[in-house]
Amino acid sequence: MSSRRLSMAFTGGLFLLMAWALWQAYGWELQASLMAWLIGLPTAALLAVQLGREILGRPEQSAPAGGDEPGLADPSLVEREAEPLDPAEERRRTANIISWILGFAAAIWLVGFQFGIGLATLLYLKSAGERWLTVIGITVAVLAGVVLVFDCGMHIFFAEGKLFTWTGLTATPLFNSFCYQVTSPFKG
């Protein structure tokens, strides 16, 4: 099977899997199905676009032969075929991605969803070399988004992290008081 056909089959299979998941979520209660629809609809749309691109194929672009002839694309913007990575570099990048995925999961398990996402976002951005102002701004925006959407907006409360369970502490009052302060002006 050619690489193109394999890619179309893979994308088509993912699209069918996502369509089935959305169909299954249709019969659930609103609060339970909201997350599936929130993630599933954009994912299905992107998969449909990708499948369409793979079926129709992309027209080949070639670099212009002449210098600055009118109507020709800028040679720096023409798509070039990527050079293959060194196998050692490929393994290093794969291990790095897997480590970050496991790190995010461990942070969520250890300190809970709200704090775990914030902590992992902070560490990821700082390790990528971002400035502290950018790191703190994005981390605060992520935390505010999670708390405002899930806790305050949809009243979906995530389990406390194992660290809180082991120590007997709880973070729920912090988020509840924040939600109360945010939503109380809107309550008649």
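**Salt bridges and their setting**

Modeller: With a salt bridge taken as a Lys or Arg side-chain nitrogen within 4 Å of an Asp or Glu carboxyl oxygen, the count comes to two. The model is predicted, and every value below is computed from it.

In one of these pairs, Arg92 is joined to Glu89, with 2.8 Å between the closest N and O atoms. Arg92 and Glu89 both belong to helix 3, which covers residues 87–111, and they are three residues apart, about one turn of the helix. Glu89 also forms a salt bridge with Arg93, and here the closest N and O atoms are 3.0 Å apart. Glu89 and Arg93 are separated by about one helical turn, because they stand four residues apart in helix 3. Through their shared partners, the salt bridges link Glu89, Arg92 and Arg93 into one network. Side chains of opposite charge can pair when their charged atoms come close.

The accessibility of the three residues can be stated individually. Glu89 has a relative accessible area of 23% and is therefore partly exposed. Arg92, at 47%, counts as partly exposed, and Arg93, at 42%, is likewise partly exposed. The class follows because partly exposed lies between the limits of under 20% for buried and over 50% for exposed.

Of the 188 residues in the protein, 19% are buried. Among contacts with a separation of 6 or more, 57% are between residues 24 or more positions apart. The accessible surface of the protein is about 14,000 Å², and carbon and sulfur atoms account for 68% of that area.

Helix 2, residues 30–56, can be described in more detail. Its 27 residues should span 39 Å at 1.5 Å a residue, and the end C-alpha atoms, 37 Å apart, agree with that expectation. Ser33 in helix 2 counts as buried because its relative accessibility is 6%. Leaving aside residues up to four places away in sequence, Ser33 touches Ala25 and Trp28. After helix 2 comes Gly57, which has a positive phi, near 75°.

Helix 1, residues 3–25, contains Leu14. This leucine is partly exposed, with a relative accessible area of 34%. Leu14 contributes, together with Phe10, Leu17 and Trp20, to a nonpolar surface patch of about 450 Å².

To return to the part you asked about, Glu89 is the partner of Arg92 and also of Arg93, and the three residues form one network.

Notes. Residues are numbered from 1 along each chain as its sequence is written. This is a predicted model: local features need pLDDT of at least 70, side-chain atom pairs count only at pLDDT 80 or more; totals for chains, interfaces and linings use all residues. Side-chain values use heavy atoms; hydrogens and water are left out. Patches are made of residues with over 30% relative accessible area and no salt bridge: like charges are joined within 9 Å, nonpolar side chains (Val, Leu, Ile, Met, Phe, Trp, Tyr) within 5 Å. Accessible areas come from the Shrake-Rupley method with a 1.4 Å probe; for residues, only the protein chains shown count as cover. Helices (H or I, at least four residues) and strands (E, at least two) are DSSP runs, numbered from the N terminus. Buried means under 20% relative accessible area, exposed over 50%, partly exposed in between (1.4 Å probe, protein chains only). The expected span of a helix is 1.5 Å times one less than its number of residues. Contact means heavy atoms within 4.5 Å.
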